[in-house]
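Please consult the sequence and the structure below while reading.

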Amino acid sequence: MAKRKQEIRQNQHAERRSSGLVVALLALIFLSFMASQWKERQRIADIHVVGATGLSRIAIQRVVDTLRYRKTKAITLASVRQAVEGIPYVRSASVYFTGVRDVCVDVSERLPVAHVVRQDGVLRYVDEMGSVLPVAQERTAHNVPLIHASGGAVLSSQDIVDLVNVLNQACGTLDPRLYQSISEIRLDPRTRSVDVVTDEATWRLGRLNVKQTTDALADMNIFWKDASMSLRLASVEEVDLRWRHQVVLRYRKDIEQASTQGASV
């Protein structure tokens with residue numbers, strides 16, 4: 001009899017414990033539902049844009065301003081991200097809530113690496129992939145080289161990509177000070193040869209070719225580091241890099257010295 005009573009008490013305790021867990025779970029579900037309903041009724045109070053410059057700031061602001069004061073449940077963050085990434089100067093974006101009523105838009109821009117003159121005479125930016133970017137809505141001042149064809153010819157889309165690749169190779173190969181001296185990359189449409197115009201001299205790279213261009217830039221970098229302190233490079237008019245491991249210098253005509261000088265690298 002005593003054993004029977006003990007079993008009954010144990011069963012009653014287990015039932016009470018199980019009932020308590022069910023009540024607690026139902027209370028948690030109810031509170032979660034109410035919190036969700038409360039959050040969905042909140043309206044967007046502020047929008048923070050991170051990473052945008054004058055290249056994309058106005059366009060992004062126009063997109064995200066439409067979110068202000070809307071209920072959070074009416075906003076799909078993925079749609080906002082797609083709209084922001086549809087802006088030409090935006091490479092990628094992430095959109096997320098910060099707090100209860102704020103939204104943050106974090107963008108990575110397509111930064112210009114060159115200028116190009118279009119057929120209408122307008123100067124346009126070009127990004128590192130060779131994509132021609134639209135005119136920025138805000139005035140910007142990016143100090144980037146000009147890519148163009150000699151003789152007033154118009155660069156094709158592939159020409160622009162190829163010349164930007166030359167710039168990318170130069171950026172990865174040259175000393176930063178040497179790279180920053182580049183003002184123009186010029187393509188001769190007839191011979192397909194490339195010249196780099198700097199503040200002081202013109203570098204002749206030869207025919208447009210990835211390997212040849214890379215080798216020529218590497219030679220120029222080595223030569224500049226070894227010879228810049230000992231040679232009067234300010235008087236050099238042309239640096240001929242068309243031969244592997246050979247650098248030929250041609251001096252300005254008003255300089256009283258040999259017209260050419262060769263060096264091995």
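## Aspartate 159

Aspartate 159 touches Leu187 and Arg192, leaving aside residues up to four places away in sequence; contact here means heavy atoms within 4.5 Å. The place of aspartate 159 is in helix H4 (residues 157-173). Helices (H or I, at least four residues) and strands (E, at least two) are DSSP runs, numbered from the N terminus. With a relative accessibility of 12%, aspartate 159 counts as buried, a class defined as under 20% relative accessible area, with exposed over 50% and partly exposed in between (1.4 Å probe, protein chains only).

## Basis and confidence of the model

This is a predicted model, in which local features need pLDDT of at least 70 and side-chain atom pairs count only at pLDDT 80 or more, while totals for chains, interfaces and linings use all residues. Residues are numbered from 1 along each chain as its sequence is written, and side-chain values use heavy atoms, with hydrogens and water left out.

The chain has a mean pLDDT of 82, and 77% of its residues reach 70 or more; pLDDT is the predictor's confidence in each residue, from 0 to 100. Confidence is lowest in strand S12 (residues 260-264), at a mean of 53, and highest in strand S7 (residues 182-188), at 95.

## Packing of H4 and H6

Helix H4 packs with helix H6 (residues 210-227) at an angle of about 35°, and their axes are 10 Å apart. Axes are lines fitted to C-alpha atoms, for helices over the stretch in contact, and angles run from 0 to 180 degrees between N-to-C directions. From H4, the contact is made by Val166, Gln169, Ala170 and Thr173, and from H6 by Val210, Thr213, Thr214, Leu217, Ala218 and Asn221. These contact residues divide into five nonpolar, five polar and no charged. Ala, Val, Leu, Ile, Met, Phe, Trp, Tyr, Cys and Pro count as nonpolar, Asp, Glu, Lys and Arg as charged, and the others, Gly among them, as polar.

## Histidine 115

Histidine 115 belongs to strand S4 (residues 112-117) and is buried, at a relative accessible area of 15%. Not counting residues up to four places away in sequence, histidine 115 touches Leu123, Arg124, Tyr125, Val126, His142, Val144, Pro145, Leu146 and Ile147.

## Loop residues with positive phi

Tyrosine 69, a residue other than glycine, has a positive phi near 70°. Tyrosine 69 is found in the loop between helix H2 (57-64) and helix H3 (77-85) and is exposed, with a relative accessible area of 57%.

Histidine 245 is not a glycine, yet its phi is positive, at about 65°. Histidine 245 lies in the loop between strand S10 (236-243) and strand S11 (246-251) and is partly exposed, at 36% relative accessible area.
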